[in-house]
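Reader: Hi! Could you walk me through this one?
Author: Happy to. Here it is.
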Amino acid sequence: MKSSATEKDLKDVIHEAKLRLLKMHSESGVGHIGGNLSSLDLLMYLHHKVLNSDDVFVLSKGHSAGALYATLWSLGRLTDEDLQKFHKDGTKLAGHPPPNWIPEIRFATGSLGHGLSLSAGVALGKKLKNEAGRVFCLLSDGELDEGSNWEALIFSAHHRLEKLTIIVDNNGFQGFGPIREVADLGSLSEKFNTFGFHTEEVDGHNLEDIARAFSIETPGPRAVIAHTIKGHGVSFMENRMEWHYLPMTEAQYRQAIEEISKA
Amino acid sequence: MRNVLCNTLVEHSADKRFVFLTGDLGYKALEPLQDIMGQRFINAGVAEQNMVSVAAGLASTGLIPWVYSIAPFVYARPFEQIRNDVCMHNLPVRLVGNGGGYAYGVMGGTHHALEDYGAMLGFLNMHAFIPAFADDVPVIIKKLFDFKRPAYLRLGLSEKPKDFPLPTYAPWRRLLRGNGPTMLIVGPLAGGILGALADLSESVRPDIWVLTELPISSNDIPADFIDDLRGSRHLFVIEEHVAQGGIGQMIARCLLMMGETPSKFTHRCALGYVSGLYGSQKFHRKECGLDAESIIEALKGIA
């Protein structure tokens, strides 16, 4: 899956993907752009610099499907024509990733709290079959309200699933308020460490920092808590809960493009 | 049936695709399987949602996971995990629910499985297997190792009358001939009813059919069953499952679509908790009119 982009090139590739993501959401008139912008850097780094052909990626926060589609577009796995059909009748590119389509989308997700257990199953399968490859699962922080995640953390640590890495897009917002006001998660590092994960905290928009976290070898499962900004890169979207839902007006789209282009 | 399940799975343990997961249940029953499976026997703890999604993940790597628990804990607790992770992806996960219907008796309603196959069959790709006799279990298990779709296996307590010669396994089997109604039974209830009805006079005695694989379509219904029904004009369905989503509704739809409409339809099914009191499986069956004695009374009333 990896691309040949150098670290410097990758910044340009991400820049392009971000513009394409905004265009796709604008053309389709759909929301969820805030959480897509918070996870795009992580998805791009993972897909361009980390994932090998034996590795599996699971997008547990299925509402970031747009960012995943834009990432796969940047790798040439999806075409412009594919993206133009995003959210339209007769598309494969639904608002959440579809089942039974391309290998890069291993599982349909969208209902939260499923991806980590699915990833644990894949990691255990590889272990039992003595197969090569690692498993990476991207979760949202709000998603951690779901109890099934904590079942999966116990299971993954107990079975020492060292091929498993979970990444939390820690943008601090959930569906109807800031996390600290809805269901405060406290210190995720402390929680994951206590559950038996090796935990790293990174700036989820800093490629050098992300690279550092993924380069560390750990004896058991690994958690990367990526501090991110909802609506990253667009001033009127940053840290605003409503951009979980709102479609952009034409004027907002033009402003967003202008801000990203100047960044 | 649980012991037969264990013994049969032991025989399949050399199949490297086979992984067994239990939701922390199987004490004094599954130890032989645990011993022989080694690391492919996984006690996933009391965490059924995770267990089912893990099974889906395992199946996506080419393995065949069998997931075991008391029936409601394997189909009701992880309902969405079965729907999204197993069924939407059409993965060959086998869900084994021990204690179909009222089998857990006085343990109470939380342990009963009265809507299991109806609920499961609402999902894409799902199939249900409901052995009526212990002898059915090894045949079904063998079938499930080659079956490419999700499956739910409902186990109960076999009640086959001693020395009754079972016909070769098939999803539809005629067990007894008679001149009464055409009776279709799902699950182990068939054994007790068969034992009680075999001695009835042929004029009252029904044709007894047992059905073990769901869903059904019009094409699956054997011509002999239709012939029996055309003769009796009375369909009598018995199942330890609520009416909603049960075989009574399924077969009524099939027959209507086929233009085969018997003039009389009797449906004996689970009615929940009729008196609000709890007891053995026998107690609950009696309250619902599912016991052999109540069925005989009904047949005499018809005659």
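Reader: Where does helix α9 of chain A lie?
Author: α9 (residues 207–215) of chain A lies across β6 and β7 (222–227) of chain A, and runs at about 170° to β6(A). Helices (H or I, at least four residues) and strands (E, at least two) are DSSP runs, numbered from the N terminus. Axes are lines fitted to C-alpha atoms, for helices over the stretch in contact, and angles run from 0 to 180 degrees between N-to-C directions.

Reader: Before we go on, what kind of model is this?
Author: This is a predicted model, where local features need pLDDT of at least 70, side-chain atom pairs count only at pLDDT 80 or more, and totals for chains, interfaces and linings use all residues. Residues are numbered from 1 along each chain as its sequence is written, while chains are lettered from A and ligands numbered from 1 in the order in which they are written.

Reader: What pLDDT does chain B average?
Author: Chain B averages 96, and 100% of its residues score at least 70; pLDDT is the predictor's confidence in each residue, from 0 to 100. For the complex, the predictor gives an ipTM of 0.95 and a pTM of 0.96.

Reader: Back to the sheet: in what order do the strands come?
Author: In chain A, 5 strands form an open sheet with the order β1-β2-β3-β7-β6, and the pairing is parallel. Two strands pair if DSSP finds at least two bridges between them. At the edges are β1 (56–59) and β6 (198–203) of chain A, each pairing on one side only. From one strand to the next, the twist averages 20°.

Reader: And how many bridges join β1(A) and β2(A)?
Author: There are 4 bridges, in the parallel sense, between β1(A) and β2 (residues 135–140) of chain A. Phe57(A) stands opposite Phe136(A) in β2(A).

Reader: Switching topic, how many residues does each chain bring to the contact?
Author: Chain B brings 24 residues and chain A brings 23; two residues are in contact if their C-beta atoms, placed from the backbone, lie within 7 Å. On the side of chain B that touches chain A, α3 (48–60) and α5 (79–87) of chain B each supply at least two residues. α3(B) gives the most, with 9 residues.

Reader: How do the axes of α3(B) and α5(B) cross?
Author: They cross at roughly 10° and come within 9 Å. That makes α3(B) roughly parallel to α5(B), since angles under 35 degrees count as roughly parallel. Among the residues making this contact are Val52(B) of α3(B) and Ile82(B) of α5(B).

Note on methods: Angles under 35 degrees count as roughly parallel, over 145 as roughly antiparallel, 65 to 115 as roughly perpendicular and the rest as oblique.
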